Amino acid sequence: MGETFQAPRGFHDILGSDLKKFRKITSTVRDLLRRYNFEEIITPVVEFAKVFERSIGEATDIVGKEMFVFPDRKGRLLALRPEGTAGVVRAYIQNKLYALRPYHKLFYEGPMFRYERPQTGRYRQFHQIGAEVFGIADPHADAELLKLVSDILSELNIEAVLEINSLGCKVCRPAYREALLEFLQGVAPNLCKDCIDRKERNPLRVLDCKVQTCQEAVREAPKMVDFLCDDCRKHYEKLKEYLKALEVPFRENYNLVRGLDYYTRTVFEAVSPKLGSAIIAGGRYDYLVEEFGGPPTPALGFAVGVERLMLLVEEPQRDYELFFVIPFGEVHAYALKVADTLRKKGKVVEFSYRRGGLKKQLEFADKIRADYAVIIGEDELKEGVVTLKDMRTGEQKKVKPEEI
Ligand code: ATP
Ligand code: MG
């Protein structure tokens, strides 16, 4: 017996019913993105590791523990992308898109890689579809993006709570950071080892810690919303006003900070009560383009976790009829032409490759859930017709192939 192989841990095949759900999600999201006039961009799966280190942040879980990093033959550090935004920002600047138009709306779809402990809805290779808006500072862009998120949820019939928060900006966050750090020093005995370690470097990260004791410890922590400067406050208030006008239900979560360092002002997550985790997440990142060497460009975006949504959507019904062509006797040339005629008319056709009696063939037609059996024998050949059998009613009649 030969050696048998398995996919590496956390890497998975997508097929059958799962793939149908996968395609339903991606096509629904793509269709909505089209309606909002987003343009697709395909960026490489591999970038220089520093693209992610600089943007996502060294003190985050993603960069600190979850990235697949490897040297190329010249010893330069590359990384499999753990998320989509950093690469799109890199591409936005490298292709000088900012010089073409004052703003851009881009979307991407593809695999992402994170070295995490695999569990339900959490893999080492997973898929995201994400949207990014470059060049708009006004909160109506935030509101429209959140409306798009809520459209995705309702179109896919998924129940989720949209949580929002504001993380402020360069002006107001430093004072909040100080206040939060002071608070965290006070509750330090209740924090996990990671949080004690990271609170000095990045106290906001502690608010995002999943450890129960940490979550309890920060319940009474000072809130960023109480520290917002005038501009950030106005932005946040306007966003809420627009969301109400658009009838997008939301909940404010003052401890929502997200797992990436580049966010400013608006952050949001669609949280599934059923999974107890986020299924779509995003926010504003007004300084990132500039930090990457581009011109100052406010920006925002979100990413949809496809595998997470797959746990929540129903398998789609087949939206076409299947014809099963069954030749009996020496009629194959004619039968192949009939199949061709039907396919040219846009029908979905399976040709019976195996010989066997009518009973066996019809059993197989049922097995592949054919809607019609197209039976062709010597008589049909002579008359230039086929016997079309409706598999549901059992009704059958002779028809010309081009009349089907
Ligand atoms: P979590 O808190 O669940 O680890 P995250 O904050 O790391 O999520 P983001 O970086 O915001 O996730 O990615 C956006 C979405 O991508 C998530 O809301 C989730 O649906 C999905 N996602 C993230 N990591 C994974 C993974 N390892 N496997 C499958 N889906 C994932
Ligand atoms: Mg994560």
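**Close-up views of a predicted model**

**View 1. The buried residues of helix 2 (residues 49-56) are A49, V51, F52, S55 and I56.** They share one side of helix 2, because the arc they cover around the axis is only 160°. The structure shown here and in every other view is a predicted model. After helix 2 comes G57, which has a positive phi, near 110°.

**View 2. S55, a residue of helix 2.** With a relative accessibility of 2%, S55 falls under the 20% limit and therefore counts as buried. Its side chain reaches the backbone oxygen of V51 at 2.7 Å. An α-helix has 3.6 residues a turn, so residues three or four places apart point the same way. Beyond four places in sequence, S55 touches A86, D261, Y262, L288 and F292.

**View 3. Helix 6 (residues 173-187), seen along its length.** The 15 residues of helix 6 should span 21 Å at 1.5 Å a residue, and the computed separation of the end C-alpha atoms, 21 Å, agrees with this. Which residues of helix 6 are buried? They are R173, Y176, L180, L181, L184 and V187. Because these residues cover an arc of only 135° around the axis, they lie on the same side of helix 6. On the other side of helix 6, E182 and G186 are exposed. The cover over the buried residues of helix 6 includes helix 8 (203-207), helix 9 (212-217) and strand 9 (264-272).

**View 4. N202, in the loop between helix 7 (193-198) and helix 8.** Although placed in a loop, N202 counts as buried because its relative accessibility is 11%, under the 20% limit. Leaving aside neighbours within four places in sequence, the contacts of N202 are A59, R177 and D261. D261 is also one of the residues touched by S55.

**View 5. The largest nonpolar core, with 95 residues.** The residues with the most contacts inside this core are F38, F134, L148, I152, I280 and F302. Helix 5 (residues 139-155) gives the most to the core, contributing eight residues. For I152, contacts beyond four places in sequence are made with V29, L32, I280, F302 and V304. Another core, of 17 residues, lies apart from the largest one, and V338, A339, V349 and V386 are among its members.

**View 6. The two domains of the chain, as given by the domain assignment.** Domain 1 is made up of two segments, 16-172 and 228-310, whereas domain 2 covers 322-403. How many Å separate the centres of domain 1 and domain 2? Taken over C-alpha atoms, the centres are 49 Å apart.

**View 7. K389, in strand 15 (residues 386-390).** Is K389 buried or exposed? At 17% relative accessibility, a value under the 20% limit, K389 counts as buried. In sequence, K389 and D371 are 18 residues apart, while in space their C-alpha atoms are 8.5 Å apart. D371 is one of the residues that K389 touches beyond four places in sequence.

Terms used
Residues numbered from 1 in each chain as written. Chains lettered and ligands numbered in written order. Predicted model: local features only at pLDDT ≥ 70, side-chain atom pairs only at ≥ 80, totals over all residues. Heavy atoms only, no water. Helix = DSSP H or I, 4+ residues; strand = E, 2+ residues; numbered from the N terminus. Expected span 1.5 Å × (residues − 1). Buried < 20%, exposed > 50% of the residue type's maximum accessible area, 1.4 Å probe, protein only. Arc of directions from axis to C-beta. Contact = heavy atoms within 4.5 Å. Core = buried A, V, L, I, M, F, W, Y, C linked by side-chain atoms within 4.5 Å. Domains from an automatic or database assignment. Polar contact = N/O pair within 3.5 Å; in protein donor to acceptor, adjacent residues only side chain to side chain.
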